[in-house]
Amino acid sequence: MLSRRIFQQFTDSALLGSASRRVDSFCIASKCSFCRPCARGSLAFVRHAGSSSSTRWKSRQGNDFFAREAKVQGLKSRAAFKLLELNEKHKLFRPGQTVVDLGFAPGSWSQVAVTRTAPDGRVIGIDIIPTQPPRGVSTIQGNFLSPVIQAEVRAYVQDPDLGRPRRQVASQEHQKGFTEEDLEELERGYIDIERHAHLEGVETATTGDPNAERSLDDPVDSKLPLKERDERQGRVVDVVLSDMSEPWDQTTGFHKRSLSDPYVRMMNTSGIAFKDHAGSMDLCMAALTFSFDTLRTGGHFLCKFYQGSEDKAFETALRRLFTKVHREKPDSSRSESKEGYFVALRRKESPTREEVFRE
């Protein structure tokens, strides 16, 4: 079996050879005085003459190994290979974890997270774009920069039962060994679970529980186990992923009702380096603030950013909160792209909000 590098060299040489022959025949037919090297030098012009940007994008996707492989494997996009590579290197996921995927559309990172945290893990995706979520992923649609949406996500993840896979009883034979209470619990619907959780929250708030109004920065009894200390401060998430980018404003396609193609509004870059960098830093800071509130001690954080003057300051903030911080550029990330990834490992317990976010 040919390796990817040898296969790409073979296909590139075949494509360039056939294109050169076409240029040479054109020059001979028109009695052009250009020699063969000149024809090869003008190859790019001949190949792309009259082509639109969308045609070039389709051509690039068709020739991209990772894009083809993602289609073969049933992945939502080629971005899945970036997360797979980073997870292989840094071991981000374990079975049973709670993962929050910020800016999850079209869902390739959530696909990877679901498979790596199975069987008892849960993955929650948040995006402003309406998107059909991958199987096994719970989603919340909304602008993550909104405090209301952030509060909703925090409330969702702090309920340990929401978003987890539920057991199914397929037939009467499989029901043997279950009590009536077990079967009743299995038959409870999603609405019943949420209503029960809501009522529990109301009862806790009205009975004067001292932990109900606890600030995230308030000290917790150090004699308690670490897991309980985290839970009392709302830290229940194991991994926070952020692949967020600002979407284009929707101007067409309002008549479409399909959720299977969110690319209509997904932005790669605007072409203005500083704008892309500044926007990515705002999103990264929002993701870090959310991680400070919800990420348990020892948890991991991964976010995409566009390189620029402010990423050093953001890296400094990461180092105050996490034990190890790495800058990564996965092989599946295109070489011409300015994107990079911060991988922050093992959240510390002690840093306060003022220490982490000070200038």
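This is a predicted model: local features need pLDDT of at least 70, side-chain atom pairs count only at pLDDT 80 or more; totals for chains, interfaces and linings use all residues.

Reader: Which strands does helix α8 lie across, and at what angle does it run to β2?

Author: Helix α8 covers residues 147-157 and lies across β1 (98-102), β2, β3 and β4. Its angle to β2 is about 170 degrees.

Reader: What is the order of the strands in the sheet?

Author: When you read a sheet, follow the strands from one side to the other. Here the order is β3-β2-β1-β4-β5-β7-β6, an open sheet of seven strands with mixed pairing. The edges are taken by β3 (137-141) and β6 (322-328); each has a single partner strand, so one side of each lacks a neighbour in the sheet. On average, neighbouring strands are turned by 15 degrees against each other, direction ignored.

Reader: In which sense do β2 and β3 pair, parallel or antiparallel?

Author: They pair in the parallel sense, over five bridges, with β2 spanning residues 122-127. To find one of these bridges on your screen, look for V123, whose bridge partner in β3 is V137.

Reader: Now a helix on its own. How many residues of α7 are buried?

Author: An α-helix has 3.6 residues a turn, so residues three or four places apart point the same way. As for α7, residues 108-117, seven of its ten residues are buried, and the helix is mostly covered. The buried ones are S108, W109, S110, Q111, V112, A113 and T117.

Reader: The loops on either side of α7 contain prolines. What is the peptide bond from A105 to P106, cis or trans?

Author: That bond is cis, with omega near 5 degrees, and P106 sits in the loop between β1 and α7. There is another cis bond from A118 to P119, where omega is near 10 degrees. P119 belongs to the loop between α7 and β2.

Reader: What about phi: what is its value at K91?

Author: K91 has a positive phi of about 55 degrees although it is not a glycine. You will find K91 in the loop between α6 and β1, and with a relative accessible area of 52% it is exposed. R346 also has a positive phi, about 60 degrees, and is not a glycine either. R346 is placed in strand β7 and is partly exposed, at 38% relative accessible area.

Reader: On to charged pairs. How many salt bridges does the count come to?

Author: The count comes to twelve salt bridges. One of them joins D293 and R154, whose closest N and O atoms are 3.8 Å apart. D293 lies in helix α12 and R154 in helix α8, so this pair ties together parts that are 139 residues apart in sequence. D293 counts as buried at 7% relative accessibility, while R154 counts as partly exposed at 21%.

Reader: Which residues does T294 contact, beyond its neighbours in sequence?

Author: Leaving aside neighbours within four places in sequence, T294 is in contact with R154, G234, R235, V236 and V237. T294 lies in helix α12, residues 273-294, and is buried, with a relative accessible area of 0%.

Reader: Which residues are linked in a network of salt bridges?

Author: The network links D311, E315, R319 and R327. Within it, R327 and D311 meet at 3.1 Å, N to O. R327 is in strand β6 and D311 in helix α13 (residues 311-321), 16 residues apart. The side chains of E315 and R327 meet at 2.9 Å; E315 is in helix α13 and R327 in strand β6, twelve residues apart. D311 is buried, at 5% relative accessible area, and E315 counts as buried at 9%, whereas R327 counts as partly exposed at 35%.

Key
Residues are numbered from 1 along each chain as its sequence is written. Side-chain values use heavy atoms; hydrogens and water are left out. Buried means under 20% relative accessible area, exposed over 50%, partly exposed in between (1.4 Å probe, protein chains only). Helices (H or I, at least four residues) and strands (E, at least two) are DSSP runs, numbered from the N terminus. Two strands pair if DSSP finds at least two bridges between them. Axes are lines fitted to C-alpha atoms, for helices over the stretch in contact, and angles run from 0 to 180 degrees between N-to-C directions. Contact means heavy atoms within 4.5 Å. A salt bridge is a side-chain nitrogen of Lys or Arg within 4 Å of a carboxyl oxygen of Asp or Glu.
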